[in-house]
Every structure is written in structure tokens, then in C-alpha cells.
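Here are some friendly exercises on how chains sit against each other. Have a look at the structure first, then try each task before you read its solution.

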4 protein chains.
Amino acid sequence: MAARSKPRWRRRKDARPAEIVAAALEAFAARGFAATRLDDVAKRAGISKGTLYLYFRNKEDLFKAVVREALLPNLARAEARLSAEKGETATHLREALHGLVTVVATTRLGAIPKLVIAEAGNFPDLAKFYVEEVVNRGLGMFAKVLARGAARGEFRAVDPALAAPVLAAPILLIALWKNVLEPHTPRTIDAQRFFDVYADVLFNGLLAKMPGPRRTRVSGIRNA
Amino acid sequence: MAARSKPRWRRRKDARPAEIVAAALEAFAARGFAATRLDDVAKRAGISKGTLYLYFRNKEDLFKAVVREALLPNLARAEARLSAEKGETATHLREALHGLVTVVATTRLGAIPKLVIAEAGNFPDLAKFYVEEVVNRGLGMFAKVLARGAARGEFRAVDPALAAPVLAAPILLIALWKNVLEPHTPRTIDAQRFFDVYADVLFNGLLAKMPGPRRTRVSGIRNA
Amino acid sequence: MAARSKPRWRRRKDARPAEIVAAALEAFAARGFAATRLDDVAKRAGISKGTLYLYFRNKEDLFKAVVREALLPNLARAEARLSAEKGETATHLREALHGLVTVVATTRLGAIPKLVIAEAGNFPDLAKFYVEEVVNRGLGMFAKVLARGAARGEFRAVDPALAAPVLAAPILLIALWKNVLEPHTPRTIDAQRFFDVYADVLFNGLLAKMPGPRRTRVSGIRNA
Amino acid sequence: MAARSKPRWRRRKDARPAEIVAAALEAFAARGFAATRLDDVAKRAGISKGTLYLYFRNKEDLFKAVVREALLPNLARAEARLSAEKGETATHLREALHGLVTVVATTRLGAIPKLVIAEAGNFPDLAKFYVEEVVNRGLGMFAKVLARGAARGEFRAVDPALAAPVLAAPILLIALWKNVLEPHTPRTIDAQRFFDVYADVLFNGLLAKMPGPRRTRVSGIRNA
DNA sequence: CATGAATGAGTGTTCATTCAT
DNA sequence: TATGAATGAACACTCATTCAT
């Protein structure tokens, strides 16, 4: 570390791809696909532009690698969490949601949805990959949990296929808020407290439980 | 050559900007800011590329105009709906949400969030405008309604500033789903049924109302 | 011409392509396809690099246009010359050859064979075009003339399909000499005198007509 | 791992240059100088790209080496053949030409003219080398033979300096045909038969020897 | 007002060359 | 010697912007 000062480069064929992907994630997250210059990515990664092409065929390839690499490890983790069978379903679900909110609100991972949203139109196969590997899998997990909870009598019976995206929506929102808008406004959202309210509303609903006797159904709002 | 032989290109010069903005919305929605070529916008608008510059200083200007123009009329409409004072708050809220879900799921308007998400990093003042004029105003409306509902005893008391984004999240989600992912997957979401489940969960919560006696609080899920 | 000094550009959509092709012929002839920079072509044509792309899809397109445009007018001319039916065949042939030698030795046209030779491997369809439209047509003309001459008893009977390239070879040689080697050597070849010798050898052969009696055939050299 | 386990890469270091030149000849002949990647040459030679630079200063050097190496051995051989003093000059000449036609039509050597033609403009000293060492020497040999033949009364008196390139032209043509155009067309030229016709025309001329009495000179065609 | 030919700065990509190992 | 990872200069191509008509 001390002595041999400026080796023009070190051989790190194995470390490089991950470093480049990390640098690229930063860059793409900051400016989007088109506005990101490979020169910048290279600079961030501490390499030259040409070196990028030793590891990725072109900009598009690099972009897809970024999305895949950033996503894949988290996919497995999330799936594991929700497949636990024993214990209260609500508790599992709450914990899973909490984990998700925390990760998307505090890591660079939250920038991925933004990237996919921005570029789905230009990279159809990326969109397809994302829908299938992330969205469908994620929603599927939620749907399964909801169905199980209902079967056990813990949850009310709601269509799991439609309730799943309702569950997921606040997670998407906080991810986007933290990665897209918060840098441009003084208003901040505290992820922990946001989660608490989210979980409260989700599980308990907005309506006050009326002590009084009957309650007419109003405008389609089914009240238990 | 003679009198009025070429009425074809005699467009009203005052209609032009709106036509251009409409054409540009299509183009930007389809490919994003950077990937949209002004040539394409001009072609869609039935004018020449040079003519764009008679109405907009540059591409960025046009982009901002698109976002503003597409948003502004809808802002007022939504606000009006929620400021009604009389009647059940839940009904008003439900109707407002229904209107929003419908509009973002069925019109080009739903592409706006996508555009803002994609380009906030590159157009800070656009992001600021959007946060202030759309997000904050929208969330503010929701918060007010929630506060009013709580004050009237209709709603449980939840932090309105945090519950507002929870309310808004499914609207964002359906907007993005329809405009970003649905074109790339066979899976579709029926906006009406989605809304029904959304409203149901939102108002009534997920948890089954237990007929039985006591119910312990589990893992922070407060049960009424 | 006098007054309005520097119009940044004039509209010349119709003149441009030919001007560009002419400039490109110069450039390609001088350095070959790969070594020619489009910047140079543009400079020679007095336009900017971008303008090239208004008229030609890419460098390859421009290259092919150069070859085609430079060739086509000459093809017709050459063909006309040789199709004359009356008069001595030898005279016609001699004149045609003379015309060809002159044109390839004194105009930029002589650079075309060089370009095709250099790039046939990289542009197979160009090669095909050249073989079919130039080589085969040219050789076909020669073959026809040889056959006619033989039929009339003017020429000895030789296989026209093989004699045709023999006829053509010195024309190719002088084209290449003038365009490839002569710039790099003090040795010059006078095209006129070269032609005279060429025609003399071609028509009369190398062997001395021996007055003496018998002459044995030596090593396959058939002697009349 | 033990004694002589890796003989695979133990190439004789003295064989290397020739192997590289051979590989490079293939590559350059196939794609030309600019389009040839040193990566390809290295791969063909079974070495790494870096190793090339142990034997050749740069790409240009390698290219020149290819041309020189491919040419040099053949130059001597050809010269020897033509310097024989005894016997019929025509027979010697015919045999020399036959040898040349055969070699350029059937070996990689025929690709050299193509390379020189393509790159003379970019490598003036290569062009100079080629003119002096190949063209001038070759033409010189021919000229000498022609002069000798004329002096002996075997050949008609023609300007040897100009007749020499006429002699050489069909050799060049067949070299280029085989290496440039034939890969792109179904039409093939049989080198042996081509040579026969070439020699026949060269020695005997095209014109029929008229039995009848006098023959007027027509259009400059001197008739014996 | 409208046009569209022309511009030229900007960037992705290639590849000869270098040099630590 | 030999390697191949790394470099960076070079260049084709795009497209927002300008402006003569």
C-alpha cells in the first residue's frame, strides 16, 4: 500500500466486473441510461473507457447487467423470508414488508425500479425480465401469503391477485420517493414511521371501528 | 397558386402549441426524453422540425411544457373533488380515489409520472415543480381529508402526513403498471377491480374482525 | 458572387450528391476505404461531416455510390463504341482499346479498379456488382469482337473467352500503374507509346516472321 | 508437472517470425491492411497479441515484412529462370511466363499485388520497395529477354521497355482474378488454358496471316 | 410564419500499443 | 520470453439547433 506508488493498472480481472457494475449503478441511477456517459462510468470505476469493453459488449449490456446484478441477490433473500410457514401470517408479512421498505429506502437498490420505469420502453427484454423475475415473483409471494392468511382465518378474504399490488404499492412509492424526489425537496419521509402507518392502515384499515350498533354501507365501502 | 388553393397547411397558429405538446407527450411517453427525436415529434405534429423552435426554445422547454400542460388541468379537477365539505368523508375520498385510478389507468396522463421519475435527476427544476405542484398538493389534499375524517370520528387517527402517501401509492402503481409494464407482459390488471380491492383494504384493513373475545396484539399490529 | 459574402451554406440539394461523390472518389482513391476519414471527404466537398449523412446512409454506402457513379457512365460509352458492325473489326477493336487506355491512364476512373481490388474482400456485393457490370460486360464485348473477327477471317481463331482477359490485361495494368505505382517512382510510362506497342504485339505477335523456309514449332509456340 | 510436461508451447523461437508472417499473410490477404486485426493474426499464429511485438515493431512493420518475405524467395527463382543464355529465347520466355502464371494463380503469392495495390498510397516506402525490387526487376528481366530475342532475330523489334509491361499484364491479371474476383463469381478462369491463349496471342498475334498477296496497312496496325 | 438543408459538438466503440506479471 | 489486461487516441455516426430561403 505504501511503497510501489503508481502502477498504471493492476490485474483484477475477477474484481473488475463487480466494481464496474457498482460504478454503473451509481451513474445510471443518477442520470438514467441515455444521459450516462461511459466515460463517467469508467472514471467512477477507476478505469479507462476501453476497459469497459473488456467486460461488457456495449452500453446496453452493461445496463442490463446492472439491473440484473443489483436485483438478483435481493430476490432470493426476500423470497426466503416470506416462505416461512409457521407462526402468525400477519407477523411474517409485517416483517417482510418492513425489510423491503427498509432496503429500498436506504440502499441504492431503490434506484432500480426507477431505471426500469425509465427504460422499459427502450429495452423490452429488460422489462420482460423485470416483470417476470421481480414483479411477478414478488406479487406471487404476496398473493400466497394473503391466501394463506385468509385460509387460516387471520385475514379477510380479498382477491390475492389484486391485493398483492396494493400491498406492494407503498414499497414502490417509498423507493421512488427516496431515489427520485427527495433529493429535490426539503420534505422528507421517515421510512420507519412511514412503515408504521403503512402497516397500520394495511392491517387495520382506515375506518374507525364503530362502537354503535348498525352501520349502513356507504358508497360501496364494506364495513365489517 | 390562385386564391385559397392550399388550405391544407393553414392551421390556426394558436392551436399549434397544444398540438405540438400532444404529439410530444406521445413521443416522450413512448421513449423517454433522451431517446425522443424532435424529428419524430415534428412528424407526429405534422410540422417541420424548424417550426418547433418557433414555439419552444429547445427540447428541454418542450419537455417541461408537456409535463406542465398535461398535468395542470387535472390538478384543478382533482382538488375540486376533494374539497367538498358535506356528506360522508369516506364517500368523497372513495370517489376521488376512484376518479384518479380511472384517469391514470386509462389516459396518457399516466405516462407523466413515468417521465418525471425518469428525468428528475436531469431536470431538477422540473422535479421541484412536480413535487410542489403535484405531489405536495395531492398529498396535502389527502392529508386534509384524512384529518377531517378523523376529526369527524369517521376515520381512525393516523398521521395524515404519512398516511397520505400510503393512500396515493396504489394510484402511482396502477399508473406505472399501465404505462410501463403492461405493454411487456400478458398479465393485465383490471383497473376497476383493482380499485375495489384497494378501497376495501384501505378502508377496512386486512385483518379479519375476530368474533371471539380477546385478541393479543401481535408484532406491533394494533388490532381494534 | 461579390456582395453577400459568407452564406453559411447554400441550398443545393440537387448538386450535392455528385459533388460529394467526386470528393469521395478523390479521397478513397488516395487512401483506400478504411484510411479515408469522412471528415476529409466533407472538407474536400466543402461541407460538414453531418451533411454527408443527409445524402448517404453511411461510409459504406458512400463508397459503393462512388464506385457505381464513377463507373456507370463509362460503361455505356465503352459498350457503344464496340458494337459498331461495319468496317474492319481490327480497326474498331484498336480504337476501342485506344479509348480505354487513354481514359484509364488520364482520368480518375483508373482509380476504381484499385479500389475494387482493395476492398472486394470486405464488400462482397460490391465485388459482385463489379464482376457482373464491369468485368463480365467488358470481357463479353471483347469476346464478341474476337469471335466476329475470326468469323470474318480477320483474326486467327483463338478461344474468345480466354483471349478477352488477355486483351484486357494491359488496360488494367496501365490503370494501376498510373494510379498506384507511378506516384512512387521516377519511372513513367507514356500511355500513348505504351498503347502503340500493346496494339502492335497484340495484333502482330512477338515472333519475327521468318522469310526463311521451314520453322519448327518450338515449345508449343505455334508459328503461322 | 513433472519433467517435460509442457512441450506444447515450446516453439522454437527462431521459427516464430516465419509463422507469424505466414499467419499475417493469410489475414492481410483476406481483409487488407486496415481491416486486419492483430488479434486475428495472433490467433492464427497461435500466440498472444503481445508476443507479436517481440518480433515486429508495429502493424506496419509486420505488413512490410509480409510483403518482403513473401516476395523475396520468388524473385530470385524467377530471375534465374530468365537469365539462361542458351537455347531458343522464345522457349525460355514461354517457360518463365508459364511458371509465373502458375505460381500467382495457385499460391498465396498472388495476394501480394493486391495488398500492394491497396496500400501503396498509405505506405510510400513499401510502394517504392515494390516498384524497385519487384516491378522494375521483373520488367527489366522481360526487357532484356525481348532485346536478346530481337538481337537474335527471333523476335520482331519492339521497344522492350514498353513491351515488358505488356508481357507482364496477363500475369498480373490472373493473380488479381484468382485472389480478388474469383471468390465472388461463379465464372472461373482455368490458369493453364489461359496461359496457352496468352502465349499464343503474345507470340503469334491476333491477325490472321493472309495467304493472299499484299495487305494494306489498316488503321495503324502494322502487318508483317 | 414555415421550411428543411446544413451544422458540429458529443459519444459509443474499436483496436494498435504498452507493460506489470 | 510470453501473456493479456489495460490504455487512449481515433473515428463513424447522431441529432438538437440554426438560418437562408
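## Exercise 1: The contact between chains C and D

Keep in mind that this is a predicted model. How many residues does each of chains C and D bring to the contact, and which helix of chain C gives the most?

Solution. Start by counting: chain C contributes 65 residues and chain D contributes 66 residues. Next, look at the helices of chain C: α1 (16–35), α5 (89–106), α6 (111–119), α7 (124–151), α8 (160–181) and α9 (191–204) each supply at least two residues of the side that touches chain D. With twelve residues, α8(C) gives the most to that side. Finally, sort the side of chain C by class: 39 residues are nonpolar, 13 polar and 13 charged.

## Exercise 2: From chain C to chain D

Solution. Take the turn first: it is 180 degrees, with a shift of 0.0 Å along the axis, and the RMSD is 0.2 Å. The two copies are therefore related as by a two-fold rotation axis. Now find the C-alpha of chain C nearest the axis: it belongs to G205(C), 1.8 Å away.

## Exercise 3: Chains A and B

Which helix gives the most to the side of chain A that touches chain B?

Solution. Begin with the contact itself, where 65 residues of chain A meet 66 residues of chain B. Among the helices of chain A that each supply at least two residues is α7 (124–151). The most comes from α8(A), with twelve residues. By class, this side of chain A has 39 nonpolar, 13 polar and 13 charged residues.

Technical notes: Residues are numbered from 1 along each chain as its sequence is written. Chains are lettered from A and ligands numbered from 1 in the order in which they are written. This is a predicted model: local features need pLDDT of at least 70, side-chain atom pairs count only at pLDDT 80 or more; totals for chains, interfaces and linings use all residues. Copies are superposed by least squares on the C-alpha atoms of residues with pLDDT of at least 70 in both. Two residues are in contact if their C-beta atoms, placed from the backbone, lie within 7 Å. Helices (H or I, at least four residues) and strands (E, at least two) are DSSP runs, numbered from the N terminus. Ala, Val, Leu, Ile, Met, Phe, Trp, Tyr, Cys and Pro count as nonpolar, Asp, Glu, Lys and Arg as charged, and the others, Gly among them, as polar.
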